[in-house]
Amino acid sequence: MAEARKEAEAVMFGAVDELLEKTRVKPKDIGILFLGGMGCSAGVISIDLAKDLLQVHPNSYALVISMENIELGEDSTGNVGVSLSKDLIAISGDALKTNITTLGPLVLPKSEQLLFLATLVARKLFKMKVKSYIPGFKLAFNHFCIHAEEELYWMD
């Protein structure tokens, strides 16, 4: 457990240090801080709450840190590891879809939102055979780290 905590601290502090350096924001200037340890769902709730608080405190900065907490366990044969359900991919896919739908309007630039809306209207309303536009979430987020089972890591 101590090693897991040490690793989590290194990742979190490293990401925050890098973010503050890139944005030139001083830690004392951050008025709203959320640290969530429940991953996907907690992150979306924290972002939404931070948005609401920024409307009340407009001249402030908000920092949201969300991580997945996983503990190692030991089975009856003495093997140490993490037990994952076979439903994890489907569940994480559903959570990701919900989170993107919720976060998109909050974090994407208006240009990305308009492109998405235009292709959606063309497909649904005018029955045009145009490819769905996938917004560039990299314009809104500095770091992504999707579940390892999805085999996608993206860290800037």
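Predicted model: local features only at pLDDT ≥ 70, side-chain atom pairs only at ≥ 80, totals over all residues.
The chain contains four helices and six strands. Read from the N terminus, these elements follow the order α-β-α-β-β-β-α-α-β-β. The chain has 156 residues, of which 19% count as buried. Of the contacts between residues at least 6 apart in sequence, 56% join residues at least 24 apart.

Helix 1 comprises the 22 residues 2-23. At 1.5 Å a residue it should span 32 Å, and the computed separation of its end C-alpha atoms, 31 Å, agrees with this value. Met12, Val16 and Leu20 are buried in this helix. Viewed down the axis, the buried residues of helix 1 fall within an arc of 65°, so they line one face of the helix. Such an arrangement can be read against helix geometry: an α-helix has 3.6 residues a turn, so residues three or four places apart point the same way. The other side of helix 1 carries exposed residues, namely Glu3, Lys6, Glu7, Ala10, Asp17, Glu21 and Lys22.

Just after helix 1, the backbone at Arg24 adopts a positive phi of about 60°, although Arg24 is not a glycine. Arg24 belongs to the loop between helix 1 and strand 1, the latter covering residues 30-36. With a relative accessible area of 77%, Arg24 is exposed, because the cut-off for that class is over 50%. A positive phi also occurs at Lys127, where the value is near 55° and the residue is again other than glycine. Lys127 is located in the loop between helix 4 and strand 5 (143-145). Its relative accessibility is 65%, so Lys127 likewise counts as exposed.

Helix 4 spans residues 110-124 and includes Leu114. Leu114 has a relative accessible area of 57% and is therefore exposed. This residue is part of a nonpolar surface patch, whose other members are Phe116, Leu117, Leu120, Val121, Leu125, Phe126, Met128 and Val130. Together the residues of the patch have about 830 Å² of accessible area. Glu112 also lies in helix 4. In contrast to the exposed Leu114, Glu112 counts as buried, at 7% relative accessibility. When residues up to four places away in sequence are not counted, Glu112 touches Tyr133, Pro135, Gly136 and Leu139.

Two salt bridges were counted in the model. Side chains of opposite charge can pair when their charged atoms come close. One of the bridges joins the side chains of Glu18 and Lys22, with an N to O distance of 3.3 Å. Glu18 and Lys22 are four residues apart in helix 1, so about one helical turn separates them. Glu18 is partly exposed at 29% relative accessibility, whereas Lys22 is exposed at 52%. Another salt bridge is formed by the side chains of Lys51 and Asp52, with an N to O distance of 3.5 Å.

Key:
Residues numbered from 1 in each chain as written. Heavy atoms only, no water. Helix = DSSP H or I, 4+ residues; strand = E, 2+ residues; numbered from the N terminus. Buried < 20%, exposed > 50% of the residue type's maximum accessible area, 1.4 Å probe, protein only. Contact = heavy atoms within 4.5 Å. Patch = residues over 30% accessible without salt bridge, like charges linked within 9 Å, V, L, I, M, F, W, Y side chains within 5 Å. Areas by Shrake-Rupley, 256 points an atom, 1.4 Å probe, with all protein chains shown as cover. Salt bridge = Lys/Arg side-chain N within 4 Å of Asp/Glu carboxyl O. Expected span 1.5 Å × (residues − 1). Arc of directions from axis to C-beta.
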